[in-house]
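Open the structure in your viewer and keep the selection tool at hand. The stops below say what to select next and what is there.

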Amino acid sequence: MDETQVLIAGAGPTGLTLACDLARRGVDVRIVEKERLAGSRGKGLQPRTLEVFDDLGVLDAVMAAGAEYPPLRSYAGGEVVWEGRMHEPKEPTPEVPYPNVMMLPQWRTERILRDRLAELGVRVEHAELTGFEQDADGVTAVLDGTRQVRAAYLVGSDGGRSLVRKRLGVGFEGETHETERMLIADVRTDDLDREHWHIWGDMATQALKVGLCPMPGTDVFQLTAPVTGDETPDLSPATFEKLAAEVSGVRLRDVGWMSLYRVNIRMAERFRDGRVFLAGDAAHVHSPAGGQGLNTGVQDAYNLGWKLAAERALDTYEEERLPVAAGVLGLSTRPYREIAERQAEAYRRGGETEQLGIGYPGGSLSVGGGKAGQRAPDAPLRDGRLFDVFRGPHFTLLGFGEHHAETVARIGERYGAAVRAHTVGATGDLVDSGGHARRAYGTDGLVLVRPDGYIGVYDASPEDYLRALA
């Protein structure tokens, strides 16, 4: 029987993020996927996800392949009647280096993560998880109905129809809106420019009829169109060609990946059962509005990776992520309802969707009050920036001021590669020449940053924390 430390079922963005994080930590990991799905699907990468990708070493590839969201252009027939933006562009700040949502078709996000995983020595296996049994010491999984794999832990990142969740008997509470459906396809046309997201609909009621959004780095547009009535449309190129021609007058020369999307708003009752974990769509599914589903799954993986690697604090995965998923579900549902109810501002997005404000204050891994549990902000230094210091699988200890030099040196020596310990200030080893780091963290004390970029200890001793987790 084959053995591994962690077996991941599902190689979408969630599973791939987790596999990359574990592989760079030296954890023996296998990831399986029964079929490789094509298509643009989830296309928006939020600022917090970009920070995760920075840490995992794929941000340059993402930025090179993607682009910021194009301006919207709305038509009545062939006449442009309105132009605007879904996201107002923002300038980077010392604390937030990637303030804008990036657009990238999901297939390319997955390809970039697969390439990074291969660099780390792991490849996605074409196999289907068909069953598993767990005991006190591990999980025995069955692949393709016959092959057995023994793992210390199993992670189900296998989508909304998750076999892992169903075999666990975990409830998936929420609702499916059978009458609220959306046709989605990747299409090609020579009739439109690629500098705008083209929309046809009723501007008086904000009712969308057809949208054609150019996917960056490709010659493809993502076509979206709500389905009205009770009939189920035929998923064929002819359906999309006729729809585009009748509503917009646009001629499609090719129709590729196609899907009929039903709005699901559901969340698993629990994210952990013994040695089995749920992440991404297997744990929570969202409406397409707000661009939260893919991004929340990436954050699940980023939270779980360091805990699986250390085999410590695993109970805090559900403690921290389940409330976040519940909150984000409310957030992603609200924009969808606004669109459904045809509100004029429905297509605008604000800072609340960026996931930069999500954190775990008051949780069991947040010690010392103040900024404990919040996202650890970036800051420029004389030589580089704080995100350069954070990048990697380690904890980071920041002592603000030379009076912490002895403590910082002692902890750094004790924990070695597990904790990178630094003094920050005018004369520290991290020279805060502009004072940005001091302003961002607001303390002259000690700050311990978790491997997933959240403040674990703020203005308090990190000794007990590190003894338990590092």
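One term comes up at several stops: a residue is buried under 20% relative accessible area, exposed over 50% and partly exposed in between, computed with a 1.4 Å probe on protein chains only. The model is predicted, so local features need pLDDT of at least 70 and side-chain atom pairs count only at pLDDT 80 or more, while totals for chains, interfaces and linings use all residues. Residues are numbered from 1 along each chain as its sequence is written, and side-chain values use heavy atoms, with hydrogens and water left out.

**Stop 1: Gln355**

Select Gln355, in the loop between α8 and β20 (380-381). Helices (H or I, at least four residues) and strands (E, at least two) are DSSP runs, numbered from the N terminus. Is Gln355 buried or exposed? With a relative accessibility of 2%, Gln355 is buried. Its phi is positive, about 70°, although Gln355 is not a glycine. Most residues other than glycine have a negative phi.

**Stop 2: Ala313**

Ala313 is another residue other than glycine with a positive phi, here near 60°.

**Stop 3**

Select Thr49 in helix α2 (residues 47-56). Thr49 has a relative accessible area of 0% and is buried. Not counting residues up to four places away in sequence, Thr49 touches Asn295, Val298 and Gln299 (contact means heavy atoms within 4.5 Å).

Axes are lines fitted to C-alpha atoms, for helices over the stretch in contact, and angles run from 0 to 180 degrees between N-to-C directions. To see the contact, show Arg48, Thr49, Val52, Phe53 and Asp55 in α2 together with Asn295, Val298, Gln299 and Tyr302 in α7.

**Stop 3: α1 and α4**

Select helix α1 (residues 13-24) and helix α4 (residues 106-119), whose axes come within 9 Å and cross at roughly 20°. These two helices are therefore roughly parallel to each other. On the α1 side, the contact is made by Pro13, Leu16, Thr17, Ala19, Cys20 and Ala23, and on the α4 side by Gln106, Glu110, Leu113, Arg114, Arg116 and Leu117.

**Stop 4: the nonpolar cores**

A nonpolar core is a set of buried Ala, Val, Leu, Ile, Met, Phe, Trp, Tyr and Cys residues joined through side-chain atoms within 4.5 Å. Which residues have the most contacts inside the largest one? They are Ile8, Phe132, Val155, Val164 and Leu308, in a core of 70 residues. Another core lies apart from that one and has 19 residues, including Leu386, Phe390, Leu430 and Ala437.

**Stop 5: Asp444**

Finish at Asp444, in the loop between α11 (436-441) and β25 (446-449). Asp444 is partly exposed, at 45% relative accessible area. Leaving aside neighbours within four places in sequence, Asp444 is in contact with Phe400, His403, His404 and Arg438. Select Val324 as well: Asp444 and Val324 are 120 residues apart in sequence and, from C-alpha to C-alpha, 30 Å apart in space.

Key: Parallel < 35°, antiparallel > 145°, perpendicular 65-115°, else oblique.
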